Amino acid sequence: MQKYIRVLVPATTANCGPGFDCLGMACTLYNEVTVKAHYGQSGLVMCVQGEGEAFISKGKDNLFYKALQCVFSMAGEPIPALEIVMTNRIPLSRGLGSSAAAIASGLAAANALLQNSVLNDQQLLALATEMEGHPDNVAPALFGGVTVSIMDGKNPYTQQLPIEIPIRMVVAIPDFHLATKKAREVLPQTVPLQDAVYNVSRAAWLVAKLVAGDAESLGLGFGDRLHQPYRQPLIPGMEGVLAAARREGALGAVLSGAGPCLMAFATEQEEAIGEAMIEAFAKANITSRYLILDIDHQGCQVEELPL
């Protein structure tokens with residue numbers, strides 16, 4: 001018996017300024033994975049194309065495969081022989097959720113390939129969060145849209161927001177990597193009370209205005225004092241790039257996830273904002289490019305293909 005599936009998984013941006021480790025958005029940039037399963041057999045053949053093709057593992061330590069393996073283990077079923085082709089479009093180590101995409105797509109693929117036990121959304125979210133360490137990227141990667149996620153002990157919970165603003169994302173992608181581990185190491189273990197209050201109020205404001213559809217004052221909600229000031233020294237030109245985006249009419253401009261991508265949110269002038277961000281990076285001697293993305297509302301999608 002054989003089964004052939006295709007998985008599409010979106011890029012994600014996390015934090016969105018003040019929502020450290022809790023706010024996330026799915027973006028219309030996708031990795032694609034095809035998997036052909038041969039039941040009753042064992043073995044693994046993997047091909048990686050696109051982003052990271054020169055160095056991403058093609059063995060069982062590949063993050064996609066590890067996520068898939070986790071689901072089969074939880075379900076108590078053996079993994080069939082697999083032929084996997086990964087086409088990666090999400091830049092690696094740039095703050096666009098490449099690891100969350102690998103995890104989410106591996107979990108979704110396994111769920112589609114299971115013969116008997118199928119995991120529900122909460123179980124998938126819990127597994128993804130355990131692998132990633134926090135739910136802010138994996139939640140929108142799995143379910144799409146704009147999500148608010150929390151941890152209650154070891155249990156993650158997420159809520160999609162009904163967005164009433166036709167917001168788009170202009171992401172400037174610099175030509176260098178920044179490991180999430182390094183970006184987390186620069187963060188302080190404690191912060192002043194006024195900074196905590198500043199972020200709580202901005203995050204609440206951002207969510208309220210997104211849901212209310214109030215673009216006019218949405219920009220007040222993108223401020224942050226918990227992570228961006230500490231990560232800024234790791235990203236040459238960051239302050240100038242964010243300022244350039246705002247000058248060209250962006251509603252707000254932030255560090256995407258742990259960076260180094262910088263993201264502007266806009267409802268108009270997206271091309272002008274992108275060009276301004278690239279020019280500002282160039283002034284810091286950083287080569288970059290930009291993409292204009294919409295919010296993905298579908299999350300990780302699995303399609304069965306004909307054999």
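Which side chain of opposite charge is nearest to Glu270, and how far away is it? Keep that question in mind while selecting the residues below, since the tour returns to it at the end.

This is a predicted model, in which local features need pLDDT of at least 70 and side-chain atom pairs count only at pLDDT 80 or more, while totals for chains, interfaces and linings use all residues. Residues are numbered from 1 along each chain as its sequence is written, and side-chain values use heavy atoms, with hydrogens and water left out.

**First stop: Asp21 and Arg184**

A search of the whole structure finds 9 salt bridges, a salt bridge being a side-chain nitrogen of Lys or Arg within 4 Å of a carboxyl oxygen of Asp or Glu. Select Asp21 and Arg184, whose side chains meet in one of these, at 2.7 Å from N to O. Asp21 lies in the loop between strand S1 (2-14) and strand S2 (23-38), and Arg184 lies in helix H5 (residues 180-185), so the pair ties together parts that are 163 residues apart in sequence. Helices (H or I, at least four residues) and strands (E, at least two) are DSSP runs, numbered from the N terminus. Asp21 is partly exposed, with a relative accessible area of 22%, and Arg184 is also partly exposed, at 29%; here buried means under 20% relative accessible area, exposed over 50%, and partly exposed in between (1.4 Å probe, protein chains only).

**Second stop: Glu32 and Arg89**

Next select Glu32 and Arg89, which form a salt bridge with their closest N and O atoms 3.5 Å apart. This pair links distant parts of the chain, with Glu32 in strand S2 and Arg89 in the loop between strand S4 (81-88) and helix H2 (98-113), 57 residues apart. Arg89 is partly exposed, with a relative accessible area of 37%.

Now select Arg168 and Asp294, whose salt bridge has its closest N and O atoms 2.8 Å apart. Arg168 lies in strand S7 (residues 168-174) and Asp294 in the loop between strand S10 (288-293) and strand S11 (301-304), so the pair ties together parts that are 126 residues apart in sequence. Arg168 is partly exposed at 28% relative accessible area, and Asp294 is partly exposed at 31%.

**Last stop: Glu270**

Glu270 is buried yet has no salt bridge, and the nearest side chain of opposite charge is Arg168, 4.0 Å away; Lys and Arg count as positive and Asp and Glu as negative, while His and the chain ends are not counted. Not counting residues up to four places away in sequence, Glu270 touches Arg168, Val170 and Ile292, where contact means heavy atoms within 4.5 Å.
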